[in-house]
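Please consult the sequence and the structure below while reading.

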Amino acid sequence: MATRIRPSSKRCAVIGGSGFLGRHLVERLVEKGYSVAVFDIAQRYEVSGVTFHQGDLCNKQDLLKVLKDVSLVFHCASPAPGCNDRNLFWRVNVEGTRTVIQACQQAGVQKLVLTSSASVVFEGTDIMNGKEDLPYAKRPIDYYTETKIKQEKLVLEACSKEKDFLTVAIRPHGIFGPRDPQLVPILVDTARKGKMKFIIGDGTNLVDFTYVDNVVHGHILAAEHLRPDSPLCGKAYHITNDDPIRFWDFMSQVLVGLGYDAPRYHLPYSLVYGIAMLLWIITFLLRPVVNIKPTFTPMRVALAGTHHYYSCSRAKQDMGYQPVSSAYRPLDRGKNGDIGAVAQSRRTGEEV
Ligand SMILES: NC(=O)C1=CN([C@@H]2O[C@H](COP(=O)(O)OP(=O)(O)OC[C@H]3O[C@@H](n4cnc5c(N)ncnc54)[C@H](O)[C@@H]3O)[C@@H](O)[C@H]2O)C=CC1
Ligand SMILES: CC(C)=CCC[C@@H](C)[C@H]1CC[C@H]2C3=C(CC[C@]12C)[C@@]1(C)CCC(=O)C[C@@H]1CC3
């Protein structure tokens, strides 16, 4: 029988490596001396020493070409949470992740680190200092959450010491930082349309917004601590700034920092949630005729009006996690308005 030569543990692939988080992860891995292959449906940048492979993760043959000589895979690809296409979410997050697992096993990959989401336990009601043992949402609030739950279960259940295939899931929440395509852009777009005048609820709800460097740090620590004898095998880990902030303070600081007015008038949470639900039903019914994208989806309203912050004590205990960038507040924006650039400058020492 031919024996397979194990690739170096510093050879890895990042599926979804062209995305926001993926690119930050790739850059940090390169800094740490890893040799990195990116697999993504699109190539959006170039980094010396990184190889790019364009392909769909639902195609096993495409994946096998990249995974054949890596020992570690990070899977951080997903359709954008705001897209409302159930078929796409199922195809990529569920069927595609099944294909990723099979391809990893067939190629002899030893470790798979999944980017899951803390939203897998969020049902639209308060979560305060939530630990990883909270049950998965029984009534997931949208297709994104529904398929992230299935995806996480698939990856964690595939963990097998006998098969020499170890898995772990990282659950970040509300990631922000340089090149964020979602949080700040959607917020600014909503403000430009004059729709950020209202505070949903009493405005005191605490949430986690997590700086992208911390999320990257959590992923790399998880990969490096994932061994057959470690407690990480087949487990999920919250990664946060360990510094929850009032949702509406964060929003206001970003908006005021960028020259917009802070939201001022309060609206009752249940009223706004009810309207968002009604709009969602109407857009669903009208979809065969016209495709409308409401700004205030039930998911966004729920995130804006409830507490949702999580404990990262399991990550501290099992992998020695500590936020690498925690003192940051969004008010400290750069000259160009890129709030993420300020936090990055703290790391690099550059002026922004
Ligand atoms: N941004 C956030 O606040 C949070 C994100 N997450 C998770 O983090 C991960 C990364 O998210 P972001 O970087 O924010 O998103 P992103 O949209 O910037 O990156 C996702 C990447 O996946 C790629 N991709 C999508 N479908 C693919 C396919 N079929 N085959 C190959 N590549 C494909 C996209 O081209 C993109 O480059 C996702 O799994 C997301 O669920 C979890 C919690 C919070
Ligand atoms: C009320 C309103 C329109 C606020 C604008 C900001 C929102 C776009 C963000 C506030 C919390 C964010 C968030 C996510 C996306 C962007 C927000 C809704 C996620 C859903 C992204 C994917 C995840 O896994 C969880 C995130 C939770 C927080």
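## Basis of the report

The model is predicted.

## Surroundings of ligand 2

For Ser 117, the distance from a polar side-chain atom to an oxygen atom of ligand 2 is 2.6 Å. For Tyr 144, an N or O atom of the side chain lies 2.7 Å from an oxygen atom of ligand 2. Of the 590 Å² that ligand 2 exposes when taken alone, the protein buries 93%.

## Ala 304 in helix α9

Helix α9 spans residues 298-305 and includes Ala 304. Ala 304 counts as buried because its relative accessibility is 5%, under the 20% limit.

Beyond its neighbours up to four places away in sequence, Ala 304 touches Ile 200, Asn 205, Phe 247 and Trp 248. Asn 205 stands 99 residues from Ala 304 along the chain, yet the C-alpha atoms of the two are separated by 8.1 Å.

## Thr 240 in a loop

Thr 240 belongs to the loop that joins β12 (235-238) to β13 (245-246).

A polar atom of the Thr 240 side chain lies 2.8 Å from the backbone nitrogen of Asp 242. When residues up to four places away in sequence are left aside, Thr 240 touches Asp 208, Thr 210, Tyr 310, Cys 312, Tyr 321 and Pro 323.

## Cysteines

How many disulfides are there? The count comes to zero, with a disulfide taken as a pair of cysteine sulfur atoms within 2.5 Å. Cys 58 is in no disulfide, and the nearest cysteine sulfur, that of Cys 83, is 13 Å away. Cys 58 is partly exposed, because its relative accessible area is 24%.

Cys 233 is likewise in no disulfide; its nearest cysteine sulfur belongs to Cys 159 and is 4.6 Å away. With a relative accessibility of 15%, Cys 233 counts as buried.

Note on methods: Residues are numbered from 1 along each chain as its sequence is written. Chains are lettered from A and ligands numbered from 1 in the order in which they are written. This is a predicted model: local features need pLDDT of at least 70, side-chain atom pairs count only at pLDDT 80 or more; totals for chains, interfaces and linings use all residues. Side-chain values use heavy atoms; hydrogens and water are left out. Helices (H or I, at least four residues) and strands (E, at least two) are DSSP runs, numbered from the N terminus. Buried means under 20% relative accessible area, exposed over 50%, partly exposed in between (1.4 Å probe, protein chains only). Contact means heavy atoms within 4.5 Å. A polar contact is a pair of N or O atoms within 3.5 Å; within protein, one must be able to donate a hydrogen and the other to accept it, and residues adjacent in sequence count only if both atoms are side-chain atoms. Accessible areas come from the Shrake-Rupley method with a 1.4 Å probe; for residues, only the protein chains shown count as cover.
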